[in-house]
Amino acid sequence: MKKLTLFLMSLALCMQAYAFMPGDDGDRLLGVWEPSNGRARVKVEKIGSKYYGKIVWLKEPNDPKSGLPKTDINNPDANLQNVPLKGYRMLKDFVYQENNQWSEGTIYDPLNGSTYSCTIKMTDPNTLDIRGYIGVSAFGRTDVWKRLAVKK
Amino acid sequence: MHNRFNPYWKTIILSLGCWAFIHVAQAQNTDSTKQESADEEDFSMYDNVGFADEGARRYCSPKIEGLSPAKLISIGYDFQTGYGLGAGAFKSQDKNTNWSQDSVNVLNSQGLRLGFNIPVISRTNLVWQMGANYWEQRYFMEDPDGSALQTNHPLLQTLSQNGLRTLGVSTTVFKPLDDKRFLLFQGSADLNGDFSPLGMMPLKYLKYSAALVYGLRPNEKKQWGLGLARTYRVGELNYIPVFLFNWTDPANKWGTEILFPARAHVRYTINPRNMLFGGFELEGQSYRLWNTNGTPDKFRDEDLEIRRGEIRLRAMYEFSLKDFIWLSVQAGYRINYRYEVDRLVGGQEIYRAFGLLSDEPYVMENRLGNPLYFNISLNLVSP
């Protein structure tokens, strides 16, 4: 009985310590994700305590006119229009809150060069609701992203 | 002594071991993503990936690349330059009163146009939007000789006193069937008439329009479809086929935005924040003549509706003023297609089907000139 009590106490302490590790729940966002349009794949990484997503794959990687790798030609800042899209951080500064939600971040749309406020909600371990919005959440659009894994 | 405590130590070490394993595994996972940089990363490793959830499916998007942005909020003003308006003669329902024809100069007609569209559900397998709109058209008239308006014609009286208004709600549902095929449904319910904002018409005068399109989206730059619409765009109720064709060229410069016959535009993209359009829109509705302000007694009981349909040939320039605030300016030529007045029979509209099912004449046949028009709107566009 003593052994069982001691084991449960130790396990409880471990669980408690694990639960208080900052960001651990939030790390479920890490991985490679595909937006609903299937045009890109985005890898979510953690830098410090925040989460960032960069483009790692493009369905159409090269510019059809020049044949060269696509750059961020629609960026309103002309100095950034030569930055390659592969490797571009389109999700920035997300902080894990609670209840499977990440907020305080932005999402960049390379198709029109606009940056939107954004929240992320994980609806199941392999699905994200990515809501880009303008000012208030009602003026926005939700895109559903799916988790990717190496094909067996 | 040693033997007595040994099992406890084993238990503690085992528990800490579990914790350490979880912690290290977690740390390794985090570190592996932290340490990679864009320069070092081999992007080819992401070619050979698939959905982690094997049951997940891809669905086609409601938009294509290069399409002009959808408007969430639109505040606009429409202005038509002067034209002549000839109102036809007609008899009252009881045949006891005759109104003779009369003509006026419309100095201009103008009005506010407000529109709202809010996404309600936006999921990969279903997109649902709700909208509302308010349009008004006020008429400023004079007699043909340039003197102040003096007319006994009830149509001219109500147009000059009350103008025409539309207040409506709409819904759009986009249902992708797979990654190539989709269904698009649009429906609206509108109150149209000579009512004033403070004196609303009863809801029984709502007019319902709808369209259902079955479409294909073979690639990121083209979607097309065929469907059927119940529409008042030619002024009176009709059931007509509709054709959707949105397309963008490989260089993202030229494209089309077509939902024929409602509208068809060629698009030239200067850049994603500056777009030029040329084409037409077919506008129209059935307007209930209901307001008693400035019209003869019992005119409301005549059960009359204006069947208004017009073609707007136009050029448009839409551009981003700042971020998501876009300005749209358009100029064009408004061609009158129909402005007749119809009487309801037993409270029912006469369904003519372009004369195929009925050749019942309109009770009042009117003539309108075709003026230049201008429209400007400030818009909050969708992400």
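Reply: In chain B, take the contacts between residues at least 6 apart in sequence: 62% of them join residues at least 24 apart. Two residues are in contact here if their C-beta atoms, placed from the backbone, lie within 7 Å. For chain A, the corresponding share is 35%. Please keep in mind that this is a predicted model, in which local features need pLDDT of at least 70 and side-chain atom pairs count only at pLDDT 80 or more, while totals for chains, interfaces and linings use all residues. Residues are numbered from 1 along each chain as its sequence is written, and chains are lettered from A and ligands numbered from 1 in the order in which they are written.

Chain B has 383 residues, and 32% of them count as buried; a buried residue has 20 or more other C-beta atoms within 10 Å of its own, an exposed one 12 or fewer, and a partly exposed one falls in between, with C-beta atoms placed from the backbone. Of the 152 residues of chain A, 32% are buried. Chain B contains two helices and 19 strands, while chain A has one helix and eight strands. These are DSSP runs numbered from the N terminus: helices are H or I of at least four residues, strands E of at least two. Read from the N terminus, chain A goes α-β-β-β-β-β-β-β-β.

Now for the close look, at the largest nonpolar core. A nonpolar core is a set of buried Ala, Val, Leu, Ile, Met, Phe, Trp, Tyr and Cys residues joined through C-beta atoms within 7 Å. This one has 33 residues, and those with the most contacts inside it are A:Trp33, A:Val42, A:Met90, A:Ile107 and A:Ile120. Strands S1 (31-34) and S8 (136-150) of chain A are among those that each supply at least two residues of it. Setting aside residues up to four places away in sequence, A:Trp33 touches partners including A:Val42, A:Leu128 and A:Trp145.

Three strands that contribute to this core, S5(A), S6(A) and S7(A), can be followed in turn. S5(A) and S6(A) run antiparallel, joined by seven bridges; strands pair if DSSP finds at least two bridges between them. A:Asp109 stands opposite A:Ser114 in S6(A). Four residues lie between these strands in their hairpin, where A:Gly113 takes a positive phi near 70°. S6(A) also pairs with S7(A) in the antiparallel sense, over seven bridges. Here A:Lys121 stands opposite A:Asp129, and the hairpin passes through two residues.
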